[in-house]
Amino acid sequence: MMKDIIESGKTALGIEFGSTRIKAVLVDYKGTPLAQGGFGWENQYVDGIWTYSLDMIWKGLQSAYAELLENVKNEYGVVITKVGAIGFSAMMHGYMPFNKEGELLVPFRTWRNTITEEAASKLTGEFGFNIPQRWSIAHLYQAILNGEEHVKDIDFFTTLAGYIHWQLTGEKVLGVGDASGMFPIDSTTRDYNKEYMAKFDKLMDSYDFGWNLEGILPKVIVAGDAAGTLTEEGAAKLDVSGNLQAGIPLCPPEGDAGTGMVATNSVKVRTGNVSAGTSIFAMVVLEHALEGCHEEIDVVTTPVGDDVAMVHCNNCTSDINAWANIFREYSEAIGAPVDTDKLYTTLFSAALGGDPDCGGLAGFNYFSGEPVTGLAEGRPVFVRNVNANFTFANFMRFNLFSAVSTLKYGLDILFKEEKVEVDKLYGHGGFFKTKEVGQRIMSAATGGPVTVMETAGEGGAWGMAVLALYMLDGKEQSLSDYLSDTIFDGQEGETITATQEEIDGFDRFMEVFKATLPIEQAAVDTLKG
């Protein structure tokens, strides 16, 4: 039966470019995963810029899709020639400017860069709306302030997802969720905010670039709308085997924030989700506008354009992975090698046996800068007092607390100052892979229950495939109804709530975290290179 479904093209394909892995997922019309493919990659730090090369982008896409094809052939004995719909998503924000010939003018500047402080600050002041450093408009304005030569030649700029979609369809469009990380969106029009756009163009009056902002931004479209079809050239770029047919419809390209909302069924008002992997971010769909402008909080949108408060932190699991590697090397050195799953399960599970406040251990997991706490660069730091309870359990608990402490720093503003309320908070990403542990730590940080759905492990590529299905099959309903009634029907997930002692312990940990921020700044100032 599955063979017939795949051969007839009654499927949807979602592909997402994550920070460390490109993942492709094929689903049937109910959203059930049929096959996956992937490709591991890492960003490179070149001439002071975090980037991925165009060659690696295309190699990764083609390799992930080729692995999916191979898995489909091995599992079902089918060669894919068509699918019902395709969707692409990627890391939000960043900067990819192109000239009229379609040439990338500077290497792709990813979300991870913290080089736009001046531009972000000036635009935030001009708009009265927070513009974070990683947003595309901050990168553009910083390039202008820097006097970079390429700016005069810009004909179009977009995100990574928008670039892939453009290359495969010829359409310069972007889903509203991803677009909301380029430039502020007006949730009443589901389009770029015209007031802020006019203010930006006024800032450009003293320059003579020959373009205005509206003319170089991708067109905004919402989930459910058609976004073009796969061209002959696009099919050849995606499937190097040459078997994939042109003419397949594509849904709007989205960012990883939007696919995370879809993958956790958290697009309704008063729902939220936490995505925790290399970076970490939490999103809450708002029932009313925020009263203040907070540099720690972004306002983006769902894939249908509803306002979402977002706390985004650049650092999450990288330092955990580094310490895990130390423990792996130690186990090998004593002749007791351990497989990866057991290693991480052991490390994470140990954290539950630690003191509620980590026993006096403190530090920072910052591999890169962290604008939420005002750090332009990062240095991993671990410190403790001489009378700290320095145990294995507390050390692992500290590592997990450190991974989410900056997120809590921002969420405390959202929940305690802005009085935003959340009925359900869903978790997804590698941080939640070990049963109970990540959920309990996150619940201690947020002060409320955290739910993990079975499908959350499928990730953003699955969420993107679901958005492709929504364009095909569900647009007569609202996206939230389609998800609840069709994709997640009958799924409740597993919910964990931290004890008050655990919540109080995390609050005490945060007091030390805030007090010791100068230690992290000193590490940045003194450890160069």
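1. An open sheet of 5 strands has the order β3-β2-β1-β6-β13, with mixed pairing. The edges are held by β3 (33-40) and β13 (254-255), each with a single partner strand, so one side of each has no neighbour in the sheet. Two strands count as paired if DSSP finds at least two bridges between them. Helices (H or I, at least four residues) and strands (E, at least two) are DSSP runs, numbered from the N terminus.

2. The model is predicted: local features need pLDDT of at least 70, side-chain atom pairs count only at pLDDT 80 or more, and totals for chains, interfaces and linings use all residues. Residues are numbered from 1 along each chain as its sequence is written, and side-chain values use heavy atoms, with hydrogens and water left out.

3. Within the sheet, strands β1 (residues 11-17) and β2 (residues 21-28) run antiparallel and are joined by 7 bridges. I15 is opposite A24 in β2.

4. Two helices lie across this sheet. Helix α5 lies across β1, β6 (85-90) and β13, at about 145° to β6. Helix α15 (residues 459-474) lies across β1, β2, β3, β6 and β13, at about 140° to β1. Axes are lines fitted to C-alpha atoms, for helices over the stretch in contact, and angles run from 0 to 180 degrees between N-to-C directions.

5. Helix α5 (residues 160-169) also meets helix α2 (residues 54-76): their axes come within 12 Å and cross at roughly 70°. The two are therefore roughly perpendicular; angles under 35 degrees count as roughly parallel, over 145 as roughly antiparallel, 65 to 115 as roughly perpendicular and the rest as oblique. From α2, L54, I57, W58 and L61 meet L160, Y163, I164, Q167 and L168 of α5, contact being heavy atoms within 4.5 Å. This contact has 8 nonpolar residues, 1 polar and no charged. Here Ala, Val, Leu, Ile, Met, Phe, Trp, Tyr, Cys and Pro count as nonpolar, Asp, Glu, Lys and Arg as charged, and the others, Gly among them, as polar.

6. Helix α15 packs against helix α16 (residues 479-487) at an angle of about 100°, with the axes 11 Å apart. That makes α15 roughly perpendicular to α16. On the α15 side the contact is made by W462, V466, L467, L469, Y470, D473 and G474, and on the α16 side by L479, Y482, L483 and I487. By class these are 9 nonpolar, 1 polar and 1 charged.

7. What is the burial of helix α14? In α14 (residues 437-446), 10 of the 10 residues are buried, so the helix is largely enclosed by the rest of the structure. Buried means under 20% relative accessible area, exposed over 50%, and partly exposed in between (1.4 Å probe, protein chains only). G447 follows α14 and has a positive phi, near 80°.

8. Strand β16 (residues 298-301) pairs with strand β17 (residues 307-313) in the antiparallel sense over 4 bridges. T301 has D307 in β17 as its bridge partner. The hairpin has 5 residues between the strands, and G305 takes a positive phi near 100°. D298 and V300 point one way from β16, V299 and T301 the other way, and all are buried.

9. The largest nonpolar core has 130 residues, and L140, F200, L213 and F431 have the most contacts inside it. Helix α13 (residues 392-417) gives the most to this core, with 11 residues. Apart from it lies another core of 45 residues, including I15, F39, A64 and L69. A nonpolar core is a set of buried Ala, Val, Leu, Ile, Met, Phe, Trp, Tyr and Cys residues joined through side-chain atoms within 4.5 Å.
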